[in-house]
Amino acid sequence: VTKPDPILTVDGVRRSFGGLTAVDVEHLEVQRGTITALIGPNGAGKSTLFNLLTGFDRVDAGEWSFEGRRLNRLGGHQVARTGMVRTFQLTKALTRLTVMDNMLLAAPGQTGERMWGAFARGLWGRQERANAERAEALLERFKLLAKKDEMAGSLSGGQRKLLEMARSLMVNPSMVMLDEPMAGVNPALVQSLLGHITALRDEGMTVLFVEHDMDVIMGISDWIVVLAQGRVIAEGRPADIRANKEVVDAYLGT
Ligand code: ADP
Ligand code: MG
C-alpha cells in the first residue's frame, strides 16, 4: 500500500445558484500520479466543481490547496500557472484561429496582447520560439501537426478534444482536469484519447477526469469519486465502486 500523497486537497467547498446547492464537498483528495474519475449523474455538480477549483467560478465557502499551495481567490490563469489545468466540457477552441495559434495562446506567460504584439512587430524572442517548438511537439504527439495551419473550427469533434488536451499541456502542468474528454468522440478516437490519458499518468502526471461511460471509467481509473447533488457519496477503487450496488443502482445506471 502506497502512502497517501495528495496533490489536491479540498475542504468545505460550496457553491449555490439561487436556492440550488450545486456543490457541497466536505472533503476530497486527489492522490498524486493517479487517474481519478469524478462520476455522477447529470447536474451532480462535476463541472461546477472543476470551475471552482480552477478559478473560473467563485466559491461561497471552503478552501483547497494544490501542491500545498492555497488556491482560493486565484483566477483561472493564475491557477493554470501553478500547474493545475483543465479542459472544458464544451471545447473552448477558438474556431476562427488556426490550430497552432490556439496552442500558442495557451503558452505560459503569453497573454493574447503580448503574443499578437510580438507577431505584429515581427519580433519572435527566445520564449516565442520555445513555445512554438513545444506546440509542434505536442501537436505531433496528438497527431494534429498536419492540421496546424487549419482553422480549429474545421476539426472534427474528436480532434477538438485532442486539441483541448494538447493546449492544456502547453504550461507543462503537473495535474490535468478533463471535463468529459470522450463526449461526442467517435469510438476510434476514444481509444486514442484513453491511450493519451494513461500515457500522461505513466509519465507522472495526475489526471482528474469526468466521464459517463462505465467501461471507460472502470478500465483506466485508479480511484473513483462519486458525486451526487453536489456531495461526495462514495469513493474507492473501481472494483469497490462496481460492487457498491446502492451507488450503482441509484446513480450510475446499469
Ligand atoms: P454536472 O457537470 O455534474 O452535470 P453541473 O456542475 O454542470 O453538473 O451543474 C450542477 C447544477 O448546478 C445543475 O443543477 C446546474 O443546472 C446548476 N448550474 C451550473 N452552473 C450554473 C449557473 N451558472 N447558473 C445556475 N445554475 C447552474
Ligand atoms: Mg458537466
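This is a predicted model: local features need pLDDT of at least 70, side-chain atom pairs count only at pLDDT 80 or more; totals for chains, interfaces and linings use all residues.

Me: How many helices and strands does the protein have?
Reply: Helices (H or I, at least four residues) and strands (E, at least two) are DSSP runs, numbered from the N terminus. Here the protein has 10 helices and 10 strands.

Me: Which domains make up the protein?
Reply: Domain bounds come from an automatic or database domain assignment. The protein is divided into domain 1 (6-93 + 173-252) and domain 2 (98-154), and their centres, taken over C-alpha atoms, are 28 Å apart.

Me: Which residues surround ligand 1?
Reply: A residue is near a molecule if its C-beta atom, placed from the backbone, lies within 6 Å of it. The residues around ligand 1 include Phe 17, Asn 42, Lys 46, Ser 47 and Thr 48. Helix H1 (46-53) gives the largest share of this shell, 3 residues.

Me: Is helix H1 largely enclosed or open, and why?
Reply: A residue is buried if 20 or more other C-beta atoms lie within 10 Å of its own, exposed if 12 or fewer, and partly exposed in between, with C-beta atoms placed from the backbone. In H1, 8 of the 8 residues are buried, so this helix is largely enclosed by the rest of the structure. Just after H1, Gly 55 takes a positive phi of about 80°.

Me: Which residues touch the most other members of the largest nonpolar core?
Reply: A nonpolar core is a set of buried Ala, Val, Leu, Ile, Met, Phe, Trp, Tyr and Cys residues joined through C-beta atoms within 7 Å. The largest one holds 66 residues, and Met 103, Ala 166 and Val 207 touch the most other members. Strand E2 (residues 20-31) gives the most to this core, with 5 residues.

Me: With which residues is Met 103 in contact?
Reply: Two residues are in contact if their C-beta atoms, placed from the backbone, lie within 7 Å. Leaving aside neighbours within four places in sequence, the contacts of Met 103 include Ala 135, Leu 138 and Ala 166.

Conventions
Residues are numbered from 1 along each chain as its sequence is written. Chains are lettered from A and ligands numbered from 1 in the order in which they are written.
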